Amino acid sequence: MVLNLNHIVDQVVKDKGIDRAVLIEALESAVLSAANKKFRNTRDLEAHYNDEIGEVELFEFVTVVDEVVDSYKEIDLGEARDVDPDVEVGDSLGMQLDAGSFSRIAAQTAKQVIIQKVREAEREGIYNEFKDRVGELVNGIVRRYERGDLIVDLGRAEALLPSREQVPRENYRQGDRVRAYLSDVKLSPKGPQIILSRTHPGVVAAMFQFEVPE
């Protein structure tokens, strides 16, 4: 039994806000990767998502020739015309393969790829949100200390208040609220790195602007 993936795709798009096209591409890539691994990259394969049935279909393409040299990538004219009477030598003939033999590994791979794509999209979303807020004061909750640096929960993401950016003699406990200057946002392999400061020259100006109405 082949799983209809439309419901899963629609649910992920709705819950995670991921572009449907990105998910479809991930599914196709996962199935193609699994198929190439099974066939040891000996065949010319393509994977295409069929929206109507919610399934990734796999196609093998062979070139029509007079005399077959590579049986994995070529087909003789007589055999090819049993499939399509109109083909000629030099044409590329596509034939759908049964995906059932590797559907389990393909499904597992697809799941992993979707999780990865979702994580990447979430990280990109967080980065785009906070990079536009550099220079603002933000409010957060102290989570923990790491080697003197403070980890601050900003809601959608955690930020770093380095020890060098902390005001001397200011001490925080877990759960304390802290207001800091968002000084930088970097995109690292582990995701966006949000840097806060309590000593930046912009802190006083930002606090003054925040506290004093026009």
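Guide: This is a predicted model. Across the chain the pLDDT averages 85, and 89% of the residues score at least 70.

Visitor: Where is confidence lowest, and where is it highest?
Guide: Helix α5, residues 201-211, has the lowest confidence, with a mean of 66. Strand β3, residues 74-76, has the highest, at 95.

Visitor: What should I do with a low-scoring part?
Guide: Where pLDDT is low, the predicted coordinates should not be read in detail.

Visitor: OK, helices. Which residues of α1 are buried?
Guide: Helix α1 covers residues 6-16, and Asn 6, Val 9 and Val 12 are buried there. Seen down the axis of α1, the buried residues fall within an arc of 135°, so they line one face of the helix.

Visitor: Why would residues three or four places apart point the same way?
Guide: An α-helix has 3.6 residues a turn, so residues at that spacing point the same way.

Visitor: And what is on the other side of α1?
Guide: His 7, Lys 14 and Asp 15 are there, and they are exposed. Just after α1 comes Gly 17, with a positive phi of about 70°.

Visitor: Which residue other than glycine has a positive phi?
Guide: Arg 147 is one of them, with phi near 55°. Arg 147 lies in the loop between β5 and β6, and it is exposed, at a relative accessible area of 83%. Asn 41 also has a positive phi, about 55°, although it is not a glycine.

Visitor: Where is Asn 41?
Guide: Asn 41 is in the loop between α2 and β1. Its relative accessibility is 57%, and Asn 41 counts as exposed because the cut-off is over 50%.

Visitor: New topic. How many salt bridges are there?
Guide: The count comes to 12. One of them pairs Arg 81 with Glu 88, with the closest N and O atoms 3.0 Å apart. Both partners are partly exposed: Arg 81 has a relative accessible area of 34% and Glu 88 has 43%.

Visitor: Which salt bridge links distant parts of the chain?
Guide: The side chains of Glu 170 and Arg 198 meet in a salt bridge, at 2.8 Å from N to O. That pair links distant parts of the chain, 28 residues apart: Glu 170 is in the loop between β7 and β8, and Arg 198 is in the loop between β9 and α5.

Visitor: Is Arg 198 buried or exposed?
Guide: Arg 198 counts as buried because its relative accessibility is 18% and the cut-off is under 20%. Elsewhere, salt bridges that share partners join Asp 10, Arg 20 and Asp 51 into one network.

Visitor: What about Arg 144?
Guide: Arg 144 forms a salt bridge with Glu 158, where the closest N and O atoms are 3.3 Å apart. This pair also links distant parts of the chain: Arg 144 sits in strand β5 and Glu 158 in strand β7, 14 residues apart. Arg 144 is partly exposed, with a relative accessible area of 35%, and Glu 158 is partly exposed at 40%.

Visitor: Last thing. What lines the second largest pocket?
Guide: Arg 144 and Glu 158 are among the lining residues, which also include Ile 151, Leu 160 and Lys 190. Strands β7 and β9 each supply at least two residues of that lining.

Visitor: How do the lining residues divide, and what is the volume of the pocket?
Guide: The lining has five nonpolar, two polar and three charged residues. The pocket's volume is about 230 Å³.

Methods:
Residues numbered from 1 in each chain as written. Predicted model: local features only at pLDDT ≥ 70, side-chain atom pairs only at ≥ 80, totals over all residues. Heavy atoms only, no water. pLDDT = per-residue confidence, 0-100. Helix = DSSP H or I, 4+ residues; strand = E, 2+ residues; numbered from the N terminus. 1 Å grid on protein atoms, 1.4 Å probe; cavity = no way out; pocket = protein on both sides within 12 Å on 5 of 7 lines; lining within 4 Å. Points joined across faces, edges and corners; volume = space filled by probe spheres on them. Nonpolar A, V, L, I, M, F, W, Y, C, P; charged D, E, K, R; others polar. Salt bridge = Lys/Arg side-chain N within 4 Å of Asp/Glu carboxyl O. Buried < 20%, exposed > 50% of the residue type's maximum accessible area, 1.4 Å probe, protein only. Arc of directions from axis to C-beta.
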